[in-house]
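Thank you all for coming.

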Amino acid sequence: MEIKPKILVVDDNFSNILVVERILESLDVEFIRAFSGEEALQKADQHEFALVLLDVQMPEIDGFKTAEIMRTDPKKEHLPIIFISAIYSRNYYHQKGLGVGAVDFITKPLVPQVFLGKVKIFLDLFTQRKELEEKVEEIK
């Protein structure tokens, strides 16, 4: 039985989560939702994710801080994080996002084809890594 890759979608606005899931609905993945940075950190401890789609502007712990905390865990050190934000479009915020370990920073409104293409790349990398890990286990 093959397990579907999981994507953690983090946004304090439910309608934004629905937009992301709608754009990515053609993918064979499981979406796990988190509505705060704190909840995202809890879910990241409970599941193995192929990718995190993380809103920047959230109450209490913003996306930058959430990513920074995730990166302190060796198991999440290489977990791909894509920031999504409508408000932070300047280069300073893009650099800040990449500085805390994100692999990309996408500004809203999302361009569906571009967004889908970027997500597919990280899902492919995740699948390839899992297949490689299986082969290594077989060899051992």
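Let me begin with Glu 60, which counts as exposed because its relative accessibility is 83%; here buried means under 20% relative accessible area, exposed means over 50%, and partly exposed is in between, with a 1.4 Å probe and protein chains only. Glu 60 lies in the loop between strand 3 (51–55) and helix 3 (63–71), where helices (H or I, at least four residues) and strands (E, at least two) are DSSP runs numbered from the N terminus. Its phi is near 65°, a positive value in a residue other than glycine.

Before going further, a word on the source: this is a predicted model, in which local features need pLDDT of at least 70 and side-chain atom pairs count only at pLDDT 80 or more, while totals for chains, interfaces and linings use all residues. Residues are numbered from 1 along each chain as its sequence is written, and side-chain values use heavy atoms, with hydrogens and water left out.

Now to the sheet. In what order do the 5 strands of the open sheet stand? The order is 2-1-3-4-5, with parallel pairing, and two strands are said to pair if DSSP finds at least two bridges between them. Strand 2 and strand 5 stand at the edges with a single partner strand each, so one side of each is left without a neighbour in the sheet.

Looking at strand 1 (residues 6–10), we find that 5 bridges join it to strand 2, and that these two run parallel. Within that pairing, Val 9 has Arg 33 in strand 2 as its bridge partner. Between strand 1 and strand 2 the chain passes through helix 1 (residues 14–23), and this β-α-β crossover is right-handed, in the sense that, with the strands pointing away from the viewer, the path from the first strand over the helix to the second runs clockwise. Strand 1 is also joined to strand 3 by 4 bridges, again in parallel, and there Ile 7 has Leu 51 as its bridge partner.

Let me turn to two further loops. Phe 35 is placed in the loop between strand 2 (30–34) and helix 2 (37–46), and it counts as partly exposed because its relative accessibility is 35%. Finally, Pro 109 is found in the loop between strand 5 (104–107) and helix 5 (112–139), and the peptide bond that joins Lys 108 and Pro 109 is cis, with omega about 0°.
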